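Subject: Handing over the two-chain model

Hi,

Here is the model I promised to pass on to you. Could you take a look when you have a moment, and read my notes alongside it?

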Amino acid sequence: MTTTRQTPVLHLVTCGSVDDGKSTLIGRLLAETNSVPLDQLEYARQTRRGGSTIPVGEVDFSLLTDGLEAEREQGITIDVAYRHMNLPNGRRVLIADAPGHEQYTRNMAVAASNGDVAVLLVDAARGVRPQTHRHLTVCALMGVKTVIIAVNKMDLVGYRQAPFDEIVAVVQATASRLGVPDVRAIPMSAAAGDNVTSSTNEMPWFEGPSLLEALCGWEPVEDTAMKPFRFPVQFIVRAEGNFRGYAGTVVSGEVSRGDEIIVADSGRTALIDRIVTFDGDLEQAVTGQAVTLTLDHEVDVTRGDLITGVGPTAAQPADRFSADLVWLGEEPLAHGRSYLLVSGSRSVPATVTNVRYRLDVVSGHEHSARLLDMNDVGRVEIATDRPIPMDPYTTSRDTGGFLLVDRVTADTVAAGLTRHAMRRSFNVVPHSYDVDHEARVRLMGHEGKVVWLTGLPGSGKSSIADAAVRRLHALGVHTYVLDGDNVRTGLNKDLGFTPEDRAENVRRVAEVSKLMMDSGLVVFVALVSPYRSDRLSAKALFGAGEFLEVHVDTSVEVCAERDPKGLYAKAAAGSLPNMTGMGQAYEVPEHPDLILHGVGDIEASVTALTIAILGE
Amino acid sequence: MSETTIPYEAVLDELEAEAIHIYRETAAAFRDPVLLYSIGKDSSVLLHLALKAFAPAGLPFPVMHVDTTWKFQEMIAFRDKRVAELGLDLRISTNDEARAEGVSPFSHGTHEYTRIMKTVALRAGIDRYGFDAAIGGARRDEERSRAKERIFSLREPGHRWDPRKQRPEFWRTANTTLSEGQSMRVFPLSNWTELDVWRYIQREAIDIPALYFAKERPVVERDGALIMVDDERFPLRDGEVAQMRSVRFRTLGCYPLTGAVESTADNLVDLIAEMESSTMSERAGRLIDGEGGGSMEAKKAEGYF
């Protein structure tokens with residue numbers, strides 16, 4: 001095993017559209033490095049798609065990189081494709097090919113996320129276009145350090161230097177604003193084969209290498225500082241003879257036997273006892289190696305924990321972060337909604353508490369924004385449910401990057417790049433008091449509980465809560481009602497009725513109800529709370545048996561007829577666009593603990609509730 | 001500019017580490033993963049990598065073979081030998097109903113036969129055992145439509161592959177969350193090439209079925225392909241006699257659908273040399289893919305691996 005990292009695989013991302021001649025460029029690179037099987041080459045010689053002017057019998061290089069059927073039918077690329085190429089120096093190139101259409105910022109981000117080098121195509125005849133800046137911005141954001149500006153179709157501008165220089169100057173300016181450390185430019189014609197895999201006589205004014213030569217000469221951009229040791233634990237290996245090892249990949253830095261390490265999550269330290277692999281123990285493991293670590297003494301380590309070196313390079317847990325998000329989901333980002341933050345093998349509930357700005361990826365301007373839509377990039381603040389050690393993305397893509405996952409659909413809705421921790425959670429240590437929950441329960445004579453009544457406006461939530469509280473009060477149970485409208489006159493008077501504000505409304509009410517429950521009260525929450533994911537977030541705050549989701553199921557017709565607050569009348573008149581059941585949807589609970597009907601005998605509902613709360 | 005030369009070993013090390021990482025993530029994140037074992041060279045490499053990923057412990061999940069009952073006899077013998085040697089928990093899934101009805105590569109078209117005996121049997125096996133993740137040996141270089149396949153490839157309820165639901169993959173971080181009815185297919189060899197597989201088999205001295213090496217075998221010619229007459233079920237035409245020719249197989253599958261290549265490479269060194277000078281993609285030898293570049297995609301939408 002070698003101990004220095006050679007970067008045997010170069011991750012290349014190609015940016016540009018079909019119109020820029022990207023498929024042709026990649027196709028030619030693959031074909032001329034013998035990276036394409038003969039039968040596929042023959043296919044590209046014999047097949048022609050509509051509009052092609054290349055004579056049958058010559059290779060249409062663009063056909064070599066086509067993938068899905070849908071793409072061939074439409075003649076456009078719709079997703080990231082991965083292809084191999086071998087460089088003459090033995091280095092493997094893994095090409096991530098992202099489509100160039102502007103609605104596909106998210107695909108560009110995917111392709112660039114592992115990228116070492118980006119080839120940025122610009123059509124010499126058409127010049128720099130908005131998408132050129134967009135691609136460059138996304139590459140820089142995702143941490144691509146080397147950008148090769150491929151000024152293509154030079155044959156169409158008579159191989160003149162002036163158009164090339166003009167394009168390069170504009171792109172260079174953007175690249176330096178974005179802080180890309182290594183920028184080169186090559187004039188070429190992918191169709192004619194100039195400067196792709198070999199130099200050309202057409203442009204004597206250009207003395208640089210061809211694209212292939214540039215890739216062969218590539219070396220990773222060196223970091224001045226030593227990268228800190230980072231080892232996210234993926235899997236606990238247990239085997240005979242009391243073997244307990246922590247399996248994972250060294251994603252940054254290196255580790256040797258005898259090194260002192262710290263489990264960033266718990267703050268526990270230990271020494272590395274063994275570095276185990278199938279092929280025998282190692283003295284040292286370096287970035288990229290998948291190994292199993294054993295420690296010199298028993299320390300509590302679970303999947304998702306981060307093992308690092310001790311000292312100044314150790315990672316500090318925090319629960320508030322500043323981060324850039326690339327929004328991928330079709331639904332926009334909602335403030336206050338709980339998502340699952342996934343980083344490496346760690347997964348923790350998290351909330352976006354603030355959108356600082358949306359980045360215009362063409363101009364670089366920051367615009368104030370309340371939410372992020374699909375393909376938007378923006379700076380946000382994130383709060384996690386428990387402190388986690390995240391690195392700045394610039395330190396490590398693996399321990400600084402994260403995904404946000406929708407808790408209902410399980411879709412990946414955002415890619416996040418940690419900028420910095422906003423507060424060291426060490427400063428916020430929950431104080432433990434002697435009079436605790438159990439003590440209060442003894443004094444109260446009953447357990448606290450939260451009864452969450454959800455349903456359409458006018459469904460009867462408040463009436464049911466009112467009647468239930470009267471019954472329980474008579475039975476000596478301490479109660480309180482958090483009513484949606486009442487809360488909005490005080491605690492939540494800054495919030496409106498957009499989906500984001502509704503999410504924040506639910507979040508605050510849930511937190512308050514939890515405090516009250518902890519004090520021993522039976523808390524009734526009467527809140528429309530129309531969104532499943534918001535209710536799920538609320539429920540996630542509570543332990544088993546502490547939270548009862550009750551659906552007050554009354555038809556919208558009945559609610560509109562009752563209309564105790566005149567809301568349905570206003571909505572019908574068009575002055576309440578965000579009215580649940582009218583302008584906004586109500587998502588019916590899938591598995592409520594109890595369903596009550598808002599029509600009929602209210603005392604029957606109260607009895608059902610009382611039994612659910614107190615038992616028989 | 002410095003002149004760095006990267007040894008092939010280093011490329012293999014990196015591919016190996018990536019596959020191990022994917023294995024560990026799969027074993028930890030899913031409730032009931034399974035390794036799909038199809039006996040060929042890719043499966044042999046997959047199995048070897050799984051042993052590496054969890055050493056010194058054994059495999060934390062079972063292996064499943066989708067048996068169409070038309071595999072080469074040598075493949076089944078090899079499978080049973082490996083299972084015994086490694087103490088694997090083997091599950092076998094066969095579409096017994098279709099088998100009883102006499103579905104064979106000869107009675108049905110290749111596409112329909114594949115759907116019934118492979119796709120349906122695979123889905124039934126996954127459903128029967130309740131697996132939520134199935135690890136397979138597919139590679140992106142196999143065929144053009146595979147170039148966009150994810151490492152963690154999501155399947156909707158009913159094993160349906162929906163290109164629009166595929167999750168974006170960033171860094172080494174995978175979203176392994178499943179909603180109701182979803183399952184995952186996992187491909188640790190996504191970034192390997194066919195030559196990588198052979199070089200790795202050589203480096204690690206991985207046991208593979210002898211069918212990959214040249215030997216005198218009884219073959220007949222069908223539609224330009226050399227088909228081995230592996231058992232008496234093969235319907236010879238009137239007066240047709242199988243000829244003994246020195247052949248080997250580039251991929252292994254159902255013997256009536258797997259074309260042999262004429263070769264004298266009876267050892268790994270010769271075989272790799274032959275590979276390196278060969279310029280045909282390996283699926284060219286598989287009769288099931290022959291209906292144009294996109295036919296694999298159509299099969300995938302039905303739940304084919």
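First, the conventions. Residues are numbered from 1 along each chain as its sequence is written, with chains lettered from A and ligands numbered from 1 in the order in which they are written. This is a predicted model, and local features need pLDDT of at least 70, side-chain atom pairs count only at pLDDT 80 or more, and totals for chains, interfaces and linings use all residues.

**Chain A overall**

The C-alpha trace of chain A spans about 95 × 70 × 45 Å along its principal axes. Its secondary structure comes to 16 helices and 26 strands; these are DSSP runs, numbered from the N terminus, with helices being H or I of at least four residues and strands E of at least two. Of the 616 residues in chain A, 48% are buried. Here a residue is buried if 20 or more other C-beta atoms lie within 10 Å of its own, exposed if 12 or fewer, and partly exposed in between, with C-beta atoms placed from the backbone.

Among the contacts in chain A with a separation of 6 or more, 72% are between residues 24 or more positions apart. Two residues are in contact if their C-beta atoms, placed from the backbone, lie within 7 Å.

Chain A is divided into domain 1 (9-216), domain 2 (230-309), domain 3 (318-427) and domain 4 (437-614); domain bounds come from an automatic or database domain assignment. The C-alpha centres of domain 1 and domain 2 of chain A are 41 Å apart.

**A helix pair in chain A**

Helix H5 (residues 130-141) and helix H6 (residues 161-178) of chain A have axes that come within 10 Å and cross at roughly 30°. That makes H5(A) roughly parallel to H6(A). For reference, axes are lines fitted to C-alpha atoms, for helices over the stretch in contact, and angles run from 0 to 180 degrees between N-to-C directions. Angles under 35 degrees count as roughly parallel, over 145 as roughly antiparallel, 65 to 115 as roughly perpendicular and the rest as oblique.

H5(A) passes H6(A) in a right-handed crossing; a crossing is right-handed if the near helix is turned clockwise from the far one by less than a right angle, and left-handed if anticlockwise. From H5(A), the contact takes Thr132(A), His133(A), Leu136(A), Thr137(A) and Ala140(A), and from H6(A) it takes Val171(A), Thr174(A), Ala175(A) and Leu178(A). By class, these residues are five nonpolar, four polar and no charged. Ala, Val, Leu, Ile, Met, Phe, Trp, Tyr, Cys and Pro count as nonpolar, Asp, Glu, Lys and Arg as charged, and the others, Gly among them, as polar.

**Backbone points to check**

Two asparagines of chain A have a positive phi. For Asn34(A), phi is near 55°, and this residue is in the loop between helix H1 (22-32) and helix H2 (38-46) of chain A. Asn34(A) is partly exposed, with 13 other C-beta atoms within 10 Å. For Asn375(A), phi is about 75°, and the residue sits in the loop between strand E18 (366-367) and strand E19 (377-388) of chain A. Asn375(A) is partly exposed too, with 18 other C-beta atoms within 10 Å.

In chain B, the peptide bond from Ala55(B) to Pro56(B) is cis, with omega near 5°. Pro56(B) lies in the loop between helix H2 (41-54) and strand E2 (63-66) of chain B.

**Chain B**

H2(B) also packs against helix H6 (residues 194-204) of chain B, at an angle of about 50° and with the axes 10 Å apart. The two helices are therefore oblique to each other, and H2(B) passes H6(B) in a left-handed crossing.

Chain B is divided into domain 1 (8-197 + 294-301) and domain 2 (207-287). In the contact between them, 20 residues of domain 1 meet 20 residues of domain 2. H3(B) gives the most to the domain 1 side, with five residues.

**Between the chains**

The contact takes 59 residues from chain A and 50 residues from chain B. On the chain A side, the largest share, five residues, comes from strand E7 (residues 230-239).

Best wishes
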